[in-house]
Amino acid sequence: MHPPANTRLFEEKYLRFQSEAGARFRAASGGSVPNGWTTVEQAEWMAATVGLAPGERLLDLGAGRGWPGELIAQHTGAQLLSVDVPIEALRQGRARMREALGARVWQVCGDGRALPIGDGHFSAVCHTDVLC
Amino acid sequence: MLRECYRVLRPDGLLVVAAIELTPNLKDLDLHRALELGPADVHAEAALGEMLQRSGFELVIERDVTREFRVRIRQRLDALARNEQALRREEGDDVVHEEREKRARMLKAVNQGLLRRTIVVGRAEKSLMQTSDGVT
Ligand SMILES: C[S@@+](CC[C@H](N)C(=O)[O-])C[C@H]1O[C@@H](n2cnc3c(N)ncnc32)[C@H](O)[C@@H]1O
């Protein structure tokens, strides 16, 4: 068994820049989901590289608000499971992901070191800026 | 976590990982400076591609995106400067200060060639494992 995931720093991070000035700052920081380092071009490259067929399953692990899994699923037609620990991150991404993907997206709160998912379930996994 | 990625992927399924990592083969002093300047969660254990291979993946592509990463950090610092007054009022001085320090340190480390950002793609090679288990 693992000790609980230590994501307290992230939990605090997701509570920052939620004010009006914070929203302007995030919007001016570039990218469609500011705070992440993956650019739109890089996410498009990922979508082209993983080559998922419509309906295939994609896991975005340590997804935060759901980027770049959202764009990859949008471009490929894949179904997306978006997993992270801080519920606040999932909450902040929910409306946007629903709008982009409708019923093709599931958000799950969970520890990426011990996923409650059977072997061989996904055709592709993306994992951006999580490793530490 | 890479092992979990491997486990939940179907045979030949693809994994895409992006991470900020230390420039490989840094000498003692540079390594020390990189760890000091880099973000607390910089990936430092081994090169990303090597980590993937250790977890059972065949390395398919490795792409250095440090140049774009540097642009993003600059954009963030600029956006912070442009919104500084309002951010200080609405988020507090500490939040603004901490954000600026953190990003400035990151930029310095990238400019000095100590940090890079990499995207790697790996394929979950599972048929080999089956052979060694005597499944085939
Ligand atoms: C820097 S954010 C990146 C978010 C998103 N992938 C992106 O690129 O914008 C790192 C994320 O990894 C998550 N994380 C860290 N350890 C984790 C774990 N054991 N299981 C699941 N998520 C984890 C954090 O909660 C955080 O949301």
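**View 1. Surroundings of Leu59(A) in the predicted model**. Leu59(A) is in contact (heavy atoms within 4.5 Å) with Leu81(A), Val83(A), Leu115(A), Phe122(A), Ala124(A), Val125(A), Cys126(A) and Val8(B), leaving aside residues up to four places away in sequence. The model is predicted: local features require pLDDT of at least 70 and side-chain atom pairs pLDDT 80 or more, whereas totals for chains, interfaces and linings use all residues. Residues are numbered from 1 along each chain as its sequence is written, chains are lettered from A in the order in which they are written, and side-chain values use heavy atoms, without hydrogens and water.

**View 2. The largest nonpolar core**. A nonpolar core is a set of buried (under 20% relative accessible area, 1.4 Å probe, protein chains only) Ala, Val, Leu, Ile, Met, Phe, Trp, Tyr and Cys residues joined through side-chain atoms within 4.5 Å. The largest one has 23 residues, and Leu59(A), Leu15(B) and Phe57(B) have the most contacts inside it. Among the elements giving two or more residues to this core are strands E1 (57–61) and E2 (79–84) of chain A and strand E1 (9–22) of chain B; helices (H or I, at least four residues) and strands (E, at least two) are DSSP runs, numbered from the N terminus. A second, separate core of 20 residues includes Leu58(A) and Ile72(A).

**View 3. Strand E1(A) and its partners**. Of the 5 residues of E1(A), 4 are buried. Strands pair if DSSP finds at least two bridges between them. E1(A) runs parallel to E2(A), joined by 5 bridges, with Arg57(A) opposite Gln79(A). E1(A) also runs parallel to E4(A), through 3 bridges; here Asp60(A) stands opposite Cys126(A).

Note on methods: Buried < 20%, exposed > 50% of the residue type's maximum accessible area, 1.4 Å probe, protein only.
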